[in-house]
Every structure is written in structure tokens, then in C-alpha cells.
Number of protein chains: 2
Amino acid sequence: MRNVLGHLLQLDLEELIARGAWDELRRASEGLTPQDLAEVIIDLPPNDEGILFRLLPRDRAAAVFSYLPIEEQTELISALSNDQTRELLEGMTPDDRVALLDELPADVTRRILDTLSPDSARATRLLLGYPPDTAGHSMTPEYVALRPEMTVAEALEEIRRSTRRTETFSTLFVVDAEGRLQHDLRLTTMVRADPTTRVGDLVERPPVTISAKASTEEVIRVFEKYDRTTLPVTDDAGNMLGILTIDDVMDAARQKATEDMQKLGGLEVIDTPYAATPFMTLFKKRAGWLSILFFGEMLTATAMSRFEDEISKAVVLALFVPLIISSGGNSGSQASTLIVRALALQELKLSDWWRVAKRELASGLLLGFWLGLIGFLRIVLWQRLHFSEYGPHWILIAITVWLSLICVVMFGSLVGAMLPFLLRLARLDPATSSAPFVATLSDVSGLIIYFS
Amino acid sequence: MRNVLGHLLQLDLEELIARGAWDELRRASEGLTPQDLAEVIIDLPPNDEGILFRLLPRDRAAAVFSYLPIEEQTELISALSNDQTRELLEGMTPDDRVALLDELPADVTRRILDTLSPDSARATRLLLGYPPDTAGHSMTPEYVALRPEMTVAEALEEIRRSTRRTETFSTLFVVDAEGRLQHDLRLTTMVRADPTTRVGDLVERPPVTISAKASTEEVIRVFEKYDRTTLPVTDDAGNMLGILTIDDVMDAARQKATEDMQKLGGLEVIDTPYAATPFMTLFKKRAGWLSILFFGEMLTATAMSRFEDEISKAVVLALFVPLIISSGGNSGSQASTLIVRALALQELKLSDWWRVAKRELASGLLLGFWLGLIGFLRIVLWQRLHFSEYGPHWILIAITVWLSLICVVMFGSLVGAMLPFLLRLARLDPATSSAPFVATLSDVSGLIIYFS
């Protein structure tokens, strides 16, 4: 969908801009959702981007701006006047505004906050006060609060009269005079209820709340579990602070999964799409870990040089080095992939480490035994069929390979499973390059095991 | 939250069951959401599970049942009578019902379909007619359709009188007499509109629809882009068939991300949580790819044996084998991780392969040059500082290592980036063990490059 639509329209719009056909341009953009328009704008040449943007009505400009990637937003901001920036930011929801301010230098953020209306500035400062990656930081403080003593008819009347944006009306929040959340209520339930019922009596389901201090991972987990589209954020005393909506949570979940994959794949986090990431950024994000892993692997050369005498006596030993160390690495990546994902989805907790360790040792033993058997049979067969010549001690070599594989795979699985727990214990992200790091660690230890 | 709640309640419930305190048991379960109750039930001993389940009121039993993992559902089904099974399945939404039937043997599915009411059976057969992993297969055909000529007051009255479950009322669909979708409408908009407006005139935003043939990946992408909670599914003629809701899409996105990670980590897909997966299942899912990769790595032994003479002449050459092949493997995993994720998020399409190939070759050249430089300096330094003794030809060895690293890293990056494209071209999942496979491939070729 995106490509056909995006491509066709982009050509059309470029042509209209070239011709200076402003009215047609305005009409062409009216039939599009803000999301589609945002996609078209991204692909336009920078100059046209600015022109099209200034043509949009104020409300629509803010909506389209919200759907642009953050990098694109910061670029546009630096090209706009203070007044235009203020207008755009006033039109954004507080959570989108904070996501943008997070990426700007501190002095620009301060300057922008000063230009905002007192209401918007207060809402924005409230969110900025919570640490990044918490529910409080990413919530929006705009929601509809009802008093428990209102009737359904009164509440519906208030909703009809309200001038707020309509986004936040599908779930309503019953809040007492002290600001404490009583329960939430779907608009659907209100429409279908007897108009004389008191809102406080319309409890349809046990309330689910999110603490302002909850981490992004916890928020994702609660949304996935309870299948709600909007959840209230409260402080420790149960006071209602704001709401989180499922579309933002879904974006956060996708972002988190991408980051975990990148870390498992031995990369620093790259938060822009592959094609939009500048070549040198990509190089830097890759070179960092690659260099660290390279330094780690240099230890294999050091380790092997200790055994140089053994190798020169039986060169045949060196043949199986890549086979053995890569098996340890592969089993280690498997284990860390499993554990990193299970920790991220909160299927495992820190206290499960001992159960996991026992399990991975058993797994590693069995897997190592199995791979060792294949390796043993391969050596015996090749020797017997005269494909290769492993010298007079070939049976000893075959047994060495088997035993080494058992030890290496057990070690790889154990380290691969325990490293994510250790990283979590140290309050680091368990995904931080676990897999390649584990592979490197097992390479070095694999060599020592093998030659010993 | 889950752990404290789950653990406390589980002890309580077990005790109540042991005492046979049925009334108290019923009351204790009433204050819980179906999701929490489902979590508590999973952790109970199998006998107690059945008892608690039979105690629940019919509606609630179906709701709790919907939140159990599929394995748990199939187990319970085999323990229940035909009548009980029918009752539970009637109470489920069609999409949840189809997800369960997908996992049951064909004859059990047929038997269950025969016991369902004609309406439920028809809805279920409709979904089963679409291939798995399409929008048609996972949609629910239960939605609220309004005619364009209705007034808002009439539509609201109909919603009030309807006996349907309330889940599906927040987004309504305006459908003409031929069954073609005109547009969708939020309940919020209707509540705030003039009661005499015709529903057909209340167009608030350009419609977004999903084709019944759309893949799960496309569905996820459309939901992420448009920030809607419910989207209509239509056939090629634009007829309304059903709806998809964001909670199911979010589950699908999480599942897809987990599968991609497992495949990248060199595992077969494991669709149960780590702790709930039986030991032997885990072993089999790991042993498969590990064996394939092991066979691949055995080629390294074969490749090295060709160079046995060279190695015995200069054992020092063998020292750098692990370093070189792992660098190729690491850069290859980086590239395939980046490309697999970009393809999954549809940031790249098949036709981008040539642009990516050029970019990865350039990346590989630069990364290889950089790592080679480190390797070269390391050898020169160690030699000069007399940490190691690499023989009279040490400068030749250092240059060989450098050149090999450039070639190996370029080759690893290129293969790592191209393999996902090839898999996608062959209509296979690009994630299918790309990373470890690439690593193995670069190990073998790395050796050949190095010794040549």
C-alpha cells in the first residue's frame, strides 16, 4: 500500500509544487490521512517539504508533524521560525511533544518550553520530571475525568459540550474529589446504561492501573495481558496522573524488539530505518562491538600460542579448532537468545537463575554428547574410508574431539544462559550483545578445553 | 504484579479447594479479571484446575478459557465432556475459536464444528476457509454495521437495544445495502454529533481497510502506521467481512518478533514460554539447527586439511584462524540482523537488494580495513615488544592477516545482507537461521581466503 500510494503522490505533489499550483496542492493533500501525508512529505526534496508544510491548515500541520520520525521533526524545527515551532508544538499531544524534546539539546528544549502556553508548558514539565523509559514520562495528562456522583445523562452531556480533541473519549475515568482514581468506564457502557444511573455505580470490571514509575517493559506486559486500549497512570497514593494508549505502547514494543535483536546481533542500537541511516553512523554502530569482539578473539591467538608446541607435533589437532569453538558459540547464542527473550517478556525472573542453570547444564550435556557423537563418527568414518589421514593416534583425536565438544557446548550453554541474568542483576539490558559476547567467550575457553 | 498476585491467590485457592469451600471459592474468583484468573488457573495442580473451572459461571468460564495458552486449552478440552466443550466454544469469539481449532487434530475440529450452533459454525468455517496467517483467518466476523441512511439518534437507539457483547461497539461500520463498506465511525463521534445527522454524512477521516488476503506482517504494519484500535477487513470487491482488533495484532507482533529472534539465534521456533517448554522439546528445537551448522563447520576441517602442509611449515598461521573466521561471522550476523529486521518491518523491499549489496560491500571494506589495521598493529607490536615470536616472516603474516580480514569481512557482510533477500525471494522467512548460517558460511570461505 505505502509504496504505490507514496510513490504516485510524491510525483504528483512535486509537479504541483514545481508549477506553483497551491490550491490544487491543498486539495490533493486533503484526501489523505495524516500518516500517509507524513510518509509522502518524508520522501520529498527538503525544499518542497517546507513549502508543503506551510500550506497545511494549522491543526492538520500538527497532526502530520506528529507522525514524522523524530529526526525529521528536529530538522524541520531548526528550519522554522519560533512562532511556527510554537504553533506546531501546541498542536501536539503532550506525550508526542516530550518524545521530541527528549531528542533536542537542553537549551533548545528550555527555549521551546518558554514559548509554550502556561498549560502546555506545565503538562510538558510534569512528564519531563519522570525518568525516561517510565510510564510517567510517556503518558499523556489529557483524559476525561468524571465524578462518581454524576448521572450517566449528566456525564454524556458534559462529553457533548466538551471542546477537547475526541481521541480520549472512548475510555473515561471516575475520579473522586481528592483526585484518586475509582475505576474506568467505557463510553460504550455509558451509552447503553440507564441515563439516571450514577457513574460511580457503573463498575463493569476490576480496575487495572499502571504506576508512574513502571518501566516500558512492564507497561508493554500489562497492555498485552489485559487487552485494554487505554490504561490510567497513577502515583503511589492512587492519584490519577494521566493515561497511556495502546498505539504508543505498540510502537514502544516494536522499538524494544528491534533493539533487542540488534543487541543480540552484536550491534549498537540504531533507531532509524536501515535505508535512512547515514553510512558513517551505520559504520560506527557496527565497528564498536566488532572491535570489542575482535579484541576478545585476539585472546584466542594468545591462547593458541601457548599450545604451539602441541600443534606443531600434531597439526591435525588444529583442523578441528573452528569446528569445536563454533559449536560452543552456536549453543551459547541459542541459550542467550532464549533467555534474553524470556526475560524481556517477563516469562522468567531473576530468581529463576538456578533452575535455568541446571536446565542448561543438562541441555548442554545432551547437545554436546550428540554433536560429539557426530564428530566422532565423522573422524572414524573418514579415517576408515581413507578420505583423510589423521595419523596413528586418530582414535585418540576422535575421543578428544568428542569430550571437548561435550565440555564446550555445556560451557557455552551455561554462560549463554547466565550472562543475561548477570546483566539484569547489574541493572543493564540483558540483550547487550549477549550472543556474540558469549560466542567469543566460548571460543577462548573452547580452545583451552580442547588443547588441555 | 503478576507474581505477587498469582502466588498469593494460588495458595488461597488451593486451600479453599482442599477444604471444599465452594462458595468462598466462587467469591474469591469474582474480584479478579479473567486474565488474572487464567494465570492463577495455569499454575494450579491439574485436578484443582478442573474443579475451579467447573465452578465458574458460564460466561466467565468462556472468558477465562480464552485467556489460557492454547496448549492449556487443548488439554482442558480433552478432559471435558462434549457438552462442556460446546458451551465453552460457543462463548468464545470466532477468532479465538479458530486459533484453538488450528491446533487440534482435523477429526476433533470436525467433531467440534458439528456440535456448534449453526451461526457459530458458519462464522468459524468462514475464517477457516482463509489460509493461516492472513487477515481473513484471524479476523472476527462480529461487528456493528450501520446503514448510511440512518440518523445518529436511530443508530444510538439500535446500539442501546442490541444484545451483543459490548466489546465491538467503540468503532462502528457504515455499510450500504449491497454489503460494501462506506466508512467507519467512532462511537465518540456519534455521541457528540447532532442526533438528526445521517450516519452516511458523518465521515470524519479517510477510511483504512485491510484485504482479507493480507499477511500478518502487512496487518501489523497497517495497525502501527494508522494508530487505529479496530480496522475493517474487506474482500476484493470492497465487501465488509469482519474486523481486526489491536490487542490481537499486538500479540501477533510479539509472537513474530520472538520467532524472528529465535530464528536469528539459530533455533527452530518455540511457541511456548521457556519454563513451560518440556526439556526434550527444547533439546529437539536446538539440536536440529545445531547439527546442520555442525555439518557445515565440518567443512572447515576439510578445508583446513587441504592446507595441512602450509600449516605444518608455519604453525603460527593456525594461531589466527579463530580470529579471522569469527570476524567474518560477526560482521555477517550484524548485516543479516539489520536486513532481516528491516524486511520484517517493511523498511526495505525485495527490489532494494542491489542498493543494499553496494552499501554492504562498502561497509565491509571499511570494517575489514579497520579490524585488519588493529590485527596488523597487534602482530607488529607483540613482535616488537617480544611478547610473541612469529618467526622471520612476521611482517608477511601481519599483512596476510590484514588482507584476509578485509576479504572475510566484506564477504561476511555481503552474504549476511544478501541471504535474507534470497530467502524472501524463495518465499521463505528471511529470518530462517540467517545469522548462524551466514557465520558458518563465512567460516569456511574465511579459511580458504586466509590460506590462499
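Me: What makes residues of chain A and chain B count as being in contact?
Reply: In this predicted model, contact requires heavy atoms within 4.5 Å. By that criterion, 122 residues of chain A are in contact with 122 residues of chain B. Together the two chains bury about 10900 Å², 65% of it on carbon and sulfur atoms.

Me: Why is the pair A:E39 and B:R221 called a salt bridge?
Reply: The closest N and O atoms of A:E39 and B:R221 are 2.9 Å apart. The cut-off is 4 Å between a side-chain nitrogen of Lys or Arg and a carboxyl oxygen of Asp or Glu, so the pair qualifies. Between chain A and chain B the count is eight salt bridges.

Me: Which helix of chain A gives the most to the side that touches chain B?
Reply: Helix α16 (residues 279-306) of chain A does, with 18 residues. That side of chain A divides into 63 nonpolar, 30 polar and 29 charged residues.

Me: How do you know that β1(A) and β2(A) pair?
Reply: Pairing requires at least two bridges, and two bridges join β1(A) to β2 (residues 171-175) of chain A; therefore they pair. These strands run parallel, and A:L146 has A:V174 as its bridge partner in β2(A).

Me: What makes β1 and β3 of chain B edge strands?
Reply: The open sheet of chain B has the order β1-β2-β3, and β1 (145-146) and β3 (181-186) each pair on one side only.

Me: How do you know that β2(B) and β3(B) pair?
Reply: Five bridges link β2 (residues 171-175) of chain B to β3(B) in the antiparallel sense. At least two are required, so the strands pair. One of the bridges has B:V175 and B:L181 as partners.

Key:
Residues numbered from 1 in each chain as written. Chains lettered and ligands numbered in written order. Predicted model: local features only at pLDDT ≥ 70, side-chain atom pairs only at ≥ 80, totals over all residues. Heavy atoms only, no water. Helix = DSSP H or I, 4+ residues; strand = E, 2+ residues; numbered from the N terminus. Buried area = accessible area lost by both parts, 1.4 Å probe. Nonpolar A, V, L, I, M, F, W, Y, C, P; charged D, E, K, R; others polar.
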